[in-house]
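Have the viewer ready as you read.

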6 protein chains.
Amino acid sequence: MSTPVHDENSELYQRGMEEICKQLGPMADAYIQNIKSLSPEFAWVNVTFPFAELYTRNVLDLKTRELCTVAALTVQGFSIPELKLHIRAALRCGASREEVVEVITQMIAYCGFPAATNALLTAKSIFEDLDGEGTPQKPPAK
Amino acid sequence: MSTPVHDENSELYQRGMEEICKQLGPMADAYIQNIKSLSPEFAWVNVTFPFAELYTRNVLDLKTRELCTVAALTVQGFSIPELKLHIRAALRCGASREEVVEVITQMIAYCGFPAATNALLTAKSIFEDLDGEGTPQKPPAK
Amino acid sequence: MSTPVHDENSELYQRGMEEICKQLGPMADAYIQNIKSLSPEFAWVNVTFPFAELYTRNVLDLKTRELCTVAALTVQGFSIPELKLHIRAALRCGASREEVVEVITQMIAYCGFPAATNALLTAKSIFEDLDGEGTPQKPPAK
Amino acid sequence: MSTPVHDENSELYQRGMEEICKQLGPMADAYIQNIKSLSPEFAWVNVTFPFAELYTRNVLDLKTRELCTVAALTVQGFSIPELKLHIRAALRCGASREEVVEVITQMIAYCGFPAATNALLTAKSIFEDLDGEGTPQKPPAK
Amino acid sequence: MSTPVHDENSELYQRGMEEICKQLGPMADAYIQNIKSLSPEFAWVNVTFPFAELYTRNVLDLKTRELCTVAALTVQGFSIPELKLHIRAALRCGASREEVVEVITQMIAYCGFPAATNALLTAKSIFEDLDGEGTPQKPPAK
Amino acid sequence: MSTPVHDENSELYQRGMEEICKQLGPMADAYIQNIKSLSPEFAWVNVTFPFAELYTRNVLDLKTRELCTVAALTVQGFSIPELKLHIRAALRCGASREEVVEVITQMIAYCGFPAATNALLTAKSIFEDLDGEGTPQKPPAK
């Protein structure tokens, strides 16, 4: 059986890239290009599956989705680089810093202090980076 | 140093029990008594720490908190008994079944299919139990 | 943005279902229908993403892929239902029972005895089921 | 290169079996035979590596070792069958039920409530089994 | 319902801070202040729950508790920053370096080599730091 | 009972060291010496158990074993240092870079994107190191 053909001009791929940009902001393109330079398949799946398929469904608003993702990455403990992306994404989608910290704090009950502390200090470094960048995080235009 | 004294009539403990009942409903008392029969310390911490301390804070609404907890327990993969409690809790706090399933589906991207499928089938069994019980899940009175 | 439209007659979905059947055998259809009854989105992603996208690529043969998946599910420790599917799939794709057991044994070094023992006893129960079913596992026709 | 030869009469294997019996008691033999029936290699490594190599070293007493193992299996969350063995082993090596419960309770801080509650309820079922068996657990003779 | 009031002069909080200082030594205060600067709630729970509630109970001696915590953090694999704190704490509470290394070595059997090697190299770096600091680690005064 | 005696001239140890060298190449000796400087027991077990016992068995070829190990370390998420060793080992044992990347990509389905992305970027850094070292990776002589 032949390997599937991937068309970056397809509605599916375009929908995924649009969604990534909404969440990750200006860094979205470089993020995908970096992955694509090693594995076009990985990049294709990354764009089309979580972003085009999952995040575009109307059942949950983006802010709630991102807080759930922050919760998930917090309890995993090792997902620090991805957590950084999604803390920024949560802020871009309308969550306040206080809400992000609250979700991480709640997770103490489900993963204990080591993983939650890792996540809290990650949030702290992101907030400091944002203050340094002087970029007020606003929710994306609908 | 002496072991801390625990007063079940304290404001802290009462606040925690009230919060557990709001989330877990009629099963809350039996749940805590079961734990307490083996370890009063474990039960005390269970009541006072996540429920009295964390869930009563006003920063996030209960529905969002419960969806975040469902996300966290889904990615852990092994937390099936606790996941059952919190799927019921999410429904009691105003989440729809569709929203619970959506959070679990979103988690495929963060934990892969094995853990997400475990969670989806757990949700299915809870929904079937609820249908059997004939108990329409309503959000708790504020 | 509207939710993506899913066409089960599409080449992508058909390719995924064909691949699932090759790996899981007669149980494939019931497996997907069970998931679909609760969440059509979950089922769609399950068919199209790992099976249509990943397993059909020619870079690795199916037997090697399945042994890698057995390794992965062994170290996770909690993925017992999925491990059962993939031990059967590995045998269907040409791996011997001895090779499946060898991969699990090798994993002791990477996940310790608790997770590896869980996997070994899971393999044992699958082998006993297969002996009971009287179904000699043959590699699928190319 | 040829596969290593394993001699069950060797000092190493005998030392390991003696140590397993000290910890697991009468069930030790059946436990190893069950594993050996599927994979002699797995059984050999299980006997010679943790038991002959690690547990026989004099640096730590057996009770402390078993409490550390209970702690480790508690935080893993999915290691319930192995946890059952080691709760019994801890009691056989001189730990009290209260001490076992205390270690599990302490672990709430490092793995959160889901994994700790799984372990607590596992301990409870072991204690009930022991009461039913009418076997007062004594420390092994030195 | 209003958010709980936290009184840092309370017996509970003072007990927790005293216990943290006993375990972590001079770095205790900076550790808690760093967390508190981002989330006073997280810091309050960190002081009052594991330290005031759990570690002050007389059922287990502090050295055994710390070795259990080292075991738990070793198998988690990702808890390197917390592991550093607790290796130092174990030494302060009377464990020898040899005993800390022994617990980590024992954990190979429960988590495999990757997590155990991470922990061993973490212990090595702590021991080198301590040698550089010229601070002989003594058990705390009772 | 006395602690086991370890003889580095034994057939077992020599077999293990030979296997490590075959897999890890020139860095093998320094790797083991580093561990041995802190814990001779840990180093002994590391050489004799996975390498002398497991990897020398003829049931699976080394390339398949290494791809399974890459799969396992990918899904664990936190095993980055060990993953680096085994990506190099896989290449030394005859796997192509494309095959290593394919295994990691397949793992998205079993561990989600955070762990798989960590592994992909780790592979990328290894490939860049190898290009910088100018060492064409060849399969070891049989």
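Buried area is the accessible area, taken with a 1.4 Å probe, that two parts lose on being put together, summed over both. In this predicted model, chain B and chain A bury about 2,600 Å² between them, and 67% of that lies on carbon and sulfur atoms. On the chain B side, Glu102(B), Gln106(B) and Tyr110(B) lose the most area to chain A, together 26% of what that side buries.

The interface can also be counted by contacts and pairs, as follows.

| Item between chain B and chain A | Count |
|---|---|
| Residues of chain B in contact with chain A | 30 residues |
| Residues of chain A in contact with chain B | 30 residues |
| Salt bridges | four salt bridges |
| Polar contacts (both residues at pLDDT 80 or more) | 16 residue pairs |

Which elements of chain B supply at least two residues each to the side that touches chain A? They are helix H3 (40-54), helix H4 (62-76), helix H5 (80-92) and helix H6 (97-133) of chain B. H6(B) gives the most, with 11 residues. Sorted by class, this side of chain B has 18 nonpolar, six polar and six charged residues.

Now for the serine. Ser37(D) sits in helix H2 (residues 28-38) of chain D, and the side chain of Ser37(D) reaches the backbone oxygen of Asn34(D) at 2.7 Å. Tyr13(D) is 24 residues from Ser37(D) along the chain, and their C-alpha atoms are separated by 17 Å.

Note on methods
Residues numbered from 1 in each chain as written. Chains lettered and ligands numbered in written order. Predicted model: local features only at pLDDT ≥ 70, side-chain atom pairs only at ≥ 80, totals over all residues. Heavy atoms only, no water. Contact = heavy atoms within 4.5 Å. Salt bridge = Lys/Arg side-chain N within 4 Å of Asp/Glu carboxyl O. Polar contact = N/O pair within 3.5 Å; in protein donor to acceptor, adjacent residues only side chain to side chain. Helix = DSSP H or I, 4+ residues; strand = E, 2+ residues; numbered from the N terminus. Nonpolar A, V, L, I, M, F, W, Y, C, P; charged D, E, K, R; others polar.
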